[in-house]
Amino acid sequence: MSESLILLHTGIAIAGTILLILALRIEPLMALLLGSLYLGLATGLGFSGTAEAVTSGFGDIMTEIGLLITFGVLLGSLLSVTGALRKLTESLLRVFGAERSPYVFGTAMSSIFPAIYTDVLLVLTAPLGRSIAPRIKRDGTAAMGAALILGSELGLVLVVPGAGALAVAGLLNVGLGRMLLFGLLVTIPTALLTIYLYRWLLRGGLWNAEKDELTAQEHGEDAQQEAEASTSESGDRLPSLGISLLPLVLAIVLIAMGGIAKVAGVTSGPLAFLGNPLIALFIGVIGAYLLAWRTFSRGVASSAVAEGMRECGPILIITGIGGSLGGVISATGLEEILSGYFSSNAFSPLLLAWIIAAVLHVAIGSTSVAAITAGSILAPALGGTDTAPLLIALAAGSGALFAVHVNSNFFWMFQRLLGLSTRGTLKTCTLVTMMASVISLVCVLVLSPFV
């Protein structure tokens, strides 16, 4: 089959997947699988060849990162029980004050707590954000909203052990130690610069509290007070900041040490074993489980694990289907075609990765799915380019941040938890993620000569 037909069928498969999700409201899992099956059959793989490519792609990615994602989600669930995030933010606020709190929230959430899946992270921090907002001199709700959306989304796709970052790193065969280091080098300046520029826009009159914020009655003041009371009630039983952070810090330090050992040529022994991301995350999970058990009870710890298991199921399935798409793409011979485009100086592979992920996110409404799908599309072509897979992974994660809007359930949850109108949510959630996506891409391009 000609290269143009393979490209055409690939475009049809991706466009058809988007259309199924947006127009017919089919679940992304089913739409992605249908797109994979179409691509295999349309490009001549045949029935058995297509089925084999789909199943082998799914199995390969699960072998690589299935347990990593599971442990990352479980760690996040257990950390939420032990109150690690709440303790950290309260301590930072005492040091930096309310005016600097958006910067504190944005950087701390995105860089230190990427293991917590975004819904839980937002639910945990929204009451704190609402309580701090009135103490900020101007447009506090908008400023804190920007910090919360950045804190929830950035770490998901750019910082290990965020589920999206783990998945894309696995798809592109990027070492998790390097993904962690360079992800932080992109995430921290992106959070700080985005919040600074957004607050500059707020000073220019972007925000109108009367139209962009809901009244107490519209927001549901009773529900808000109940949530805050529940948070305060559990606070007395939570461990200290250092203890509650210990499992996550230990896992991250072990992963970083393992990455350094690998670069130094150490491939065996205790350091290499403990620095293996799977072992490091498992140690973190065990530590967080024992901490939750000791602080509350075995039942509470077990409930957190059960909740984490329920949450990681959809992530694993979506990630596996992303691997299936990559398997079909590899089997169709698209690798050589894309490699030819990548070897041309007309278009940067980093920009291509960013655009693919951004378009997917705008269309599909899922940050992690967009990053994973972009990684699946680009993974087969990496052999034909000199661009480091790490940079492709970061660019894909950067593009996947672009424009969280009305087709995302996170958009509506954010609106409800922050007490904003739809217009106000577009001014925070959507505008801020657009800005962060562009700024993070610039950071990736700046780092590219050093990778």
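This is a short tour of a predicted model, stop by stop. Local features need pLDDT of at least 70, side-chain atom pairs count only at pLDDT 80 or more, and totals for chains, interfaces and linings use all residues. Residues are numbered from 1 along each chain as its sequence is written, and side-chain values use heavy atoms, with hydrogens and water left out.

**Whole chain.** Show the chain as a cartoon. It has 22 helices and zero strands. These are DSSP runs, numbered from the N terminus (helices: H or I, at least four residues; strands: E, at least two). Of the 451 residues, 54% count as buried, meaning under 20% relative accessible area with a 1.4 Å probe, protein chains only.

**Helix α13.** Select residues 241–263, then pick out Leu-245. Is Leu-245 buried or exposed? It is buried, because its relative accessible area is 13%.

**Largest nonpolar core.** Such a core is a set of buried Ala, Val, Leu, Ile, Met, Phe, Trp, Tyr and Cys residues joined through side-chain atoms within 4.5 Å. The largest has 116 residues. Select Phe-105, Leu-158, Val-160, Met-179, Tyr-198, Leu-394 and Phe-414, which touch the most other members.

Zoom in on Val-160. Neighbours within four places in sequence aside, its contacts (heavy atoms within 4.5 Å) are Pro-114, Ala-165, Leu-166, Leu-176, Met-179, Leu-180 and Ile-255.

**Second core.** Finish at a separate core of five residues. Among them are Trp-354, Ala-358, Ala-403 and Leu-441.

Conventions. Buried < 20%, exposed > 50% of the residue type's maximum accessible area, 1.4 Å probe, protein only.
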